[in-house]
Amino acid sequence: MAHQQADRHGNGQRRHAHAWIAIVATVVALMLAGGAIWWAWAHRAHAPRPQATTASQTAAPTPSAIPSGSPSSAAPTASPSPTTTDRAQEIVDGMSLDERAAQLVMTPLAAGIDPSAIRALIADEHVGSVILMGNWTSGVAGVREATEMLQSYADGPTRVLVATDQEGGQVQHLQGPGFETMPSEVTQGMMPLANLQSASRGWGEQLHMAGVHVDLAPCVDTVTIDRASNAPVGALDRDYGLDAAGNAQHAAAFVEGLRAAGVGAAAKHFPGLGAVTGNTDFTTDGIVDTTTTRNGPEVQAFAQAIRAADPGMVMISLATYTAIDPDEPAAFSPTVIDGMLRGDIGYGGVVISDSLSASAVSAIAPAELGVRLVQAGGDLACVNDPAFTQPILDGLRARARGDAAFAERVTQSARRVVALKLALGLAQ
């Protein structure tokens, strides 16, 4: 009995102690809670009030990654804004005459050739553009590796403009993982315009990711003779296979699709290769066009496409057009370039030649090729054979040093090339 009473007494004391502990803990908790409430109120009272957010102040979403050296999503056009024109002039004014001439040359890099092979042309001679030739099968990643190497050689105020022929069908230099197999232009001509523009945007995005800035396409040629006998275009399905108006519409859709991907285009081969039998790349026979006229439908196809889509470049053919200028190939004809393209049509962008290492102009000394192009109003001498690059560059420089009027031509052309580079994100 005495043992049971002692236990009850001890239990009572313990219950009494626990009650006091609970009371103290409750008081402390209330004090802490009150302090927290007071601190939060005081902090809010002294904190700056948030301002109303306007649309211009709203944080922009993080942009998707754009590869270094690739164009931005800005739309490259042949009609630069006054600000772009002024900036292009500033950049060119800061160049020597030799550097300006180097902006007017596009040298080739063939598939399988290490980019270091043309390092000196870019780093030392300041050549401003490169065309990727041959069958590149390394895919987007492999081409990207090569274009990044090319960009690493440039140390001037502008970067290297990289171009290729990515028309579709039998003319698609870049292939492999990441590059879709493109249908021929004839097949593209069967597509609704909206579908073609959407597809072209996808093809442009692939070029963009590979570090290519200009697609030397589309062909706006209208074939007017038997297709099989038209070696440069019809026999290879390189045209849209439509009448002049249809070709113009599809060409414009193709250009607009590329533009949406941040890639420039080159409408070709002005004023058209659809009425000759010979391929100017490989022969001097059958490259005289006797039917195309200055205001004929074949030329109007180019006019309509250029005015509708304003491509960054127009490529001039190497054929001769007896009803327009019987004395000079189109690429060396002031009537064709300054008179028709710049005058009649009002085109103010970059005029690029078809390959000046082609058989069609093989009778002309290499050092004279670039000079004759620029004298006629052209801007960018494109070659497929690297052996022609240095002679063409040397010829431009030599003539510019000794002829003030030609030097001004070189300066004007360099401004157009640099303006395009600004539009493509290759200069600031």
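**Entry 1: a pair of helices**

I noted that helices α2 and α13 are oblique to each other; angles under 35 degrees count as roughly parallel, over 145 as roughly antiparallel, 65 to 115 as roughly perpendicular and the rest as oblique. I record that this is a predicted model, in which local features need pLDDT of at least 70, side-chain atom pairs count only at pLDDT 80 or more, and totals for chains, interfaces and linings use all residues. Residues are numbered from 1 along each chain as its sequence is written, and side-chain values use heavy atoms, with hydrogens and water left out.

Two packed helices are described by the angle between their axes and the distance between the axes. For α2 (residues 82-93) and α13 (residues 404-423), I found an angle of about 120° and axes 8 Å apart. The axes are lines fitted to C-alpha atoms, for helices over the stretch in contact, and angles run from 0 to 180 degrees between N-to-C directions. Helices (H or I, at least four residues) and strands (E, at least two) are DSSP runs, numbered from the N terminus.

I then listed the residues in contact (heavy atoms within 4.5 Å). On the α2 side they include Arg 87, Ile 91 and Val 92, and on the α13 side they include Ala 414, Val 418 and Leu 422. The residues of this contact divide into 7 nonpolar, 3 polar and 3 charged. Here Ala, Val, Leu, Ile, Met, Phe, Trp, Tyr, Cys and Pro count as nonpolar, Asp, Glu, Lys and Arg as charged, and the others, Gly among them, as polar.

**Entry 2: the chain and its core**

I counted 13 helices and 13 strands in the protein chain. Of its 428 residues, 50% are buried; buried means under 20% relative accessible area, exposed over 50%, and partly exposed in between, with a 1.4 Å probe and protein chains only. Of the contacts with a separation of 6 or more, 77% are between residues 24 or more positions apart.

Which residues have the most contacts inside the largest nonpolar core? They are Phe 270 and Met 313, in a core of 119 residues. α13 gives the largest share of this core, 9 residues. A nonpolar core is a set of buried Ala, Val, Leu, Ile, Met, Phe, Trp, Tyr and Cys residues joined through side-chain atoms within 4.5 Å. Not counting residues up to four places away in sequence, Met 313 touches Met 106, Leu 161, Tyr 347 and Leu 420, among others.

**Entry 3: a buried loop residue**

I looked up Ile 345, in the loop between α10 (334-344) and β12 (350-353). Ile 345 is buried, at a relative accessible area of 10%. Beyond its neighbours within four places in sequence, its contacts are Phe 270, Ala 303, Ile 306, Arg 307 and Met 340.

**Entry 4: backbone exceptions**

Most residues other than glycine have a negative phi, and most peptide bonds are trans. I found a cis peptide bond between Ala 217 and Pro 218, with omega about 10°. Pro 218 lies in the loop between β6 (214-215) and α8 (244-260). Another cis bond joins Lys 268 and His 269, with omega about 0°; His 269 belongs to strand β7 (residues 264-270).

Asp 237, also in the loop between β6 and α8, has a positive phi of about 55°. Asp 237 is partly exposed, at 32%. His 126 has a positive phi near 70° and lies in the loop between α4 (119-123) and β2 (129-133). With 26% relative accessibility, His 126 counts as partly exposed.
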